[in-house]
Amino acid sequence: MDINNLKKEIEKYGIKKYKKILYNPSFSLLFKEEKNLNLSDLKKVLVTNYGAISINTLPFTGRSPLDKYIVYDNNTKDKIWWTNKNNNKPININTWCFLKDLIINQLNNKKIFIVDFFCGTNIHNKLKIRFITEIPWQAHFIKNMFIIANKEDSKKFKPNFVILNGARCKNNMWNKYNLNSEIFIAFNFTEKMQIIGGTLYNGEIKKGIFLIMNYFLPSRNILPMHCAATVNKNNKVTLFFGLSGTGKTTLSNVKNHYLIGDDEHGWNNNGQVFNFEAGCYAKVINLTSIDNPEIFSAIKKNAILENVVVLDNGFVDFFNDRYTENTRVSFPISYIRKRNKFKLITHNVKNIIFLTADYFRVLPLISILSLEQSQYYFLSGFTTKLSNTELNILKPIPTFSACFAEPFLPLHPIIYTKLLTNCLLKNNINIFLVNTGWDYYGSRISITKTKIIIDNILNCNINTKLLNIIPIFNLSVPKYLDGLDSNLLDPRNYYVNKAIWKYKARILAKLLKNNFNRFLNTNLANLIVKAGPKI
């Protein structure tokens, strides 16, 4: 983009003074800026033995959903799903202007990095987004995660949305404006702008962009999905829905399948699945080259390690959770050898897998879902929040996250559930609920067992005629699976006293029913409520 035109545009955002503009900087230029960082109040950037840089986002190592706000105006008052549970909290235009001024004052008189990029690999439905920051490794993160505008695109780039990231800015007057804390992540859908203040955590950037996609795409009859996606050689797609820590990234690394993306996708009316991103943001706590070779081999030059412990020799202690269990790496998806190289848009969804982490230890390892059950469990989104993925989550907490994405849904979950239903009705799809939670002894279900289950699903080895029906939940469970002890398939077998299983199952069933009550003011929920548990 012509630098003079760019200056005029950023002046419209309020940034009128700056030391220097670095527009769509290269990796090499960013690396130089990162190594020469002299700002004393930013955490030190380290170069690890792998060639990847390591950054630290302390004191915040997870998202802060209680600090998320959306401007309440004529365009949003009847459109946004205003609810405390998913923290779509309204602010008025005066509060927005105050917060935006804080960000502008933070960015003014700085060397600023501007990255123009696309979110979405579907040429007809991608969003053009402009990201502005003073921190080079945040611009680096965007380059890792999204599709950067090339020279030709840049000449005529007109963003659909602008993100001003003043991560080092804090709101000391949060009490006066009835906000939650000095941190703020705010969206103005009329002005088409997001602002971020007070937190360096890169996950706020990534998930904020996902929320923006969740706002715009449903009006185009596109389902935004919080899922990983893979495709086999026959162009058959498998979708893995789930919250952070339930296994989307790990389980999508499977034999004879190629990764489309590990976290966020769209599914349009034509049955096409497309990735929102061009990178991966994977957890690396306890990472080994044996258990997860694809992620391990991606930790190299231009990758960014986040909140890991780096030893004096530059080696990374992946087993050290000194800062957080939510240690991460971001890298371009091109670093994954087994990726979908040939088609950005893929047809033919064959399998959908809902990943639930059952803290109560009563759900089966695998269940085969009917259409109505699929709608019910998608809308319910039962799972467990894992420690440190959000602020103040210090231990696993059972939760209900509608559509397995509730913190990122600006619209009512019924809207997304209807879009899913339309996709399911148009395709012959196998749908499963896979439990990656805790076993009878209180340990996480081994990734080895779960991978055996996933392999059986992908290889079409599930016998749908030999089934057990699990009472209360009315879930259909295969009696046999290749490579797995059949006794493990029925959760009641874990308990010497079956009454204990029934007691705990009834607790979960009541929670499911109570949670679902919040949707019963809609026609669709009233139609599918019968697919839930029976007490």
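**Close-up views of a predicted model**

**View 1. Pairing of strands S17 and S21.** Strands S17 and S21 (residues 328–332) pair in the antiparallel sense, over five bridges. Cys280 has Phe331 in S21 as its bridge partner. The model shown here and in the other views is predicted.

**View 2. The open sheet that holds S17 and S21.** The sheet is open and is formed by five strands, in the order S2-S3-S18-S21-S17. The pairing within this sheet is mixed. Strand S2 (46–47) and strand S17 (279–283) stand at the edges. Each of these two has a single partner strand, so one side of S2 and one side of S17 are left without a neighbour in the sheet.

**View 3. Crossing of helices H9 and H12.** Helix H9 (residues 371–380) and helix H12 (residues 498–516) have axes that come within 10 Å and cross at roughly 80°. Angles of 65 to 115 degrees count as roughly perpendicular, and H9 and H12 are therefore roughly perpendicular to each other. On the H9 side, the residues that meet H12 are Tyr376, Tyr377, Leu379 and Ser380. On the H12 side, they are Leu512, Lys513, Asn515 and Phe516. By class, this contact of H9 with H12 has five nonpolar, two polar and one charged residues.

**View 4. Span and buried residues of helix H10.** Helix H10 (residues 413–426) has 14 residues, which should span 20 Å at 1.5 Å a residue. The buried residues of H10 are Pro413, Ile414, Tyr416, Thr417, Leu419, Leu420, Thr421, Cys423 and Leu424.

Technical notes
Residues numbered from 1 in each chain as written. Predicted model: local features only at pLDDT ≥ 70, side-chain atom pairs only at ≥ 80, totals over all residues. Heavy atoms only, no water. Axes fitted to C-alpha atoms, helices over the stretch in contact; angles between N-to-C directions. Helix = DSSP H or I, 4+ residues; strand = E, 2+ residues; numbered from the N terminus. Parallel < 35°, antiparallel > 145°, perpendicular 65-115°, else oblique. Contact = heavy atoms within 4.5 Å. Nonpolar A, V, L, I, M, F, W, Y, C, P; charged D, E, K, R; others polar. Pairing = 2+ DSSP bridges. Expected span 1.5 Å × (residues − 1). Buried < 20%, exposed > 50% of the residue type's maximum accessible area, 1.4 Å probe, protein only.
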